[in-house]
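Please examine the sequence and the model displayed below. The paragraphs that follow lead through them step by step.

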Amino acid sequence: MAQMPIGIKPKCSFICASYDRKKIATIPDLGRGEKDDNFHEVKKCLQQYNYLGESSPDSQNTLDESTASALETFQQRYNIPQSGVLGHETKEAMAKPRCAMPDLQPGALAFSISGAWRHRNLTYALGKLSQSIAPSVCEAAIERALTTWSNAGVGLTFNKVADTEDHDIFIEWRRADDPDLNMAGSTLAHADFPPGFSLILDGPPVPLHFDDEEHTWSDGAFEDEFDIETTCLHEIGHCLGLYHSKVPESIMFPTVSSNMTSRTLADDDVKGIRRLYKTRPNVPSRSEPN
Ligand SMILES: [Zn+2]
Ligand SMILES: [Zn+2]
């Protein structure tokens with residue numbers, strides 16, 4: 001059983017502890033009880049995504065028992081053999097571009113949902129769009145991602161309003177050192193959960209922010225570029241109340257590669273959203289789970 005953090009605070013001091021994935025790549029393979037000067041970066045990574053609680057400063061570079069246990073949980077979720085030690089596959093999984101939101105809900109490993117909105121007719125506003133792509137193309141990608149969640153059969157709708165009006169979700173491309181959640185180094189984007197379940201600042205609006213400084217965004221699969229619709233679909237899942245999934249096919253899996261698209265919901269995603277938003281009679285459904 002992984003040692004879990006005491007709890008996530010309403011402000012993001014805990015999840016902002018950003019780690020250096022390049023340093024993680026330089027650490028040699030380590031067994032239990034072994035040390036490396038950069039091993040604290042592995043601990044920061046495990047802490048950021050809720051696998052590990054705070055560790056004492058004197059043991060921060062040692063692969064101790066609580067870290068081994070956290071590594072086993074991480075390996076299980078990323079389909080890596082559960083050794084509890086630091087090997088090549090684990091370092092590779094930690095270095096992949098990913099979402100900044102935590103993988104695990106503190107204290108409840110089995111749960112994959114946070115909490116739902118009280119209304120389903122949601123509004124959103126757009127701030128600065130990606131500098132990588134024409135605004136109309138960027139906006140169309142966002143709209144398609146929202147439509148995919150609308151089609152999940154639980155009656156969710158998304159209407160765009162001006163940012164001067166009240167809105168539920170605010171979508172914007174920002175600098176890597178985003179003041180509400182630092183995305184520098186290892187993360188592509190972040191969002192937050194619905195009001196009442198927030199990890200950052202209790203909205204509305206709930207943020208959906210992309211890193212526009214360290215990543216190039218695209219409409220489609222292009223080398224070294226990230227598909228807007230794919231990442232937006234994932235982040236909106238958080239805005240609706242979903243945590244990360246351990247199912248690799250799920251849109252809520254925490255890592256994504258460049259040069260690919262994944263623009264549909266998996267059965268796991270549909271099951272998750274239907275646990276959060278009970279299906280009402282007379283709501284048309286285009287995607288039935290098993
Ligand atoms: Zn995420
Ligand atoms: Zn942000």
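His238 counts as buried because its relative accessibility is 0%, where buried means under 20% relative accessible area, exposed over 50% and partly exposed in between, with a 1.4 Å probe and protein chains only. His234, at 6% relative accessibility, counts as buried too. Both residues belong to helix H6 (residues 228–240), where they stand four residues apart, about one turn of the helix. Helices (H or I, at least four residues) and strands (E, at least two) are DSSP runs, numbered from the N terminus. An α-helix has 3.6 residues a turn, so residues three or four places apart point the same way.

This is a predicted model, in which local features need pLDDT of at least 70 and side-chain atom pairs count only at pLDDT 80 or more, while totals for chains, interfaces and linings use all residues. Residues are numbered from 1 along each chain as its sequence is written, chains are lettered from A and ligands numbered from 1 in the order in which they are written, and side-chain values use heavy atoms, with hydrogens and water left out.

Cys99 counts as buried, with 3% relative accessibility.

The structure contains zero disulfides, a disulfide being a pair of cysteine sulfur atoms within 2.5 Å. For Cys239, the nearest cysteine sulfur is that of Cys232, 8.2 Å away. Cys239 counts as buried, at 0% relative accessibility.

His190 lies in strand S5 (residues 187–190) and His209 in strand S6 (residues 206–211), so the pair ties together parts that are 19 residues apart in sequence. Both of these histidines are buried.

Strand S5 also holds Thr187, which is buried at a relative accessible area of 1%. A polar atom of the Thr187 side chain lies 3.0 Å from the backbone oxygen of Met183. Apart from neighbours within four places in sequence, the residues in contact with Thr187 (heavy atoms within 4.5 Å) include Gln48, Cys99 and His215.

Helix H2 (residues 39–48) is largely enclosed by the rest of the structure, because eight of its 10 residues are buried. Among these buried residues are Phe39, Leu46 and Gln48. The buried residues of H2 pack against helix H1 (21–26), helix H3 (65–77), helix H4 (88–95) and S5. Asn50, which follows H2, has a positive phi near 75°.

Finally, the chain as a whole has seven helices and eight strands. Of its 290 residues, 54% are buried. Among contacts between residues at least 6 apart in sequence, 70% join residues at least 24 apart.

Terms used. Polar contact = N/O pair within 3.5 Å; in protein donor to acceptor, adjacent residues only side chain to side chain.
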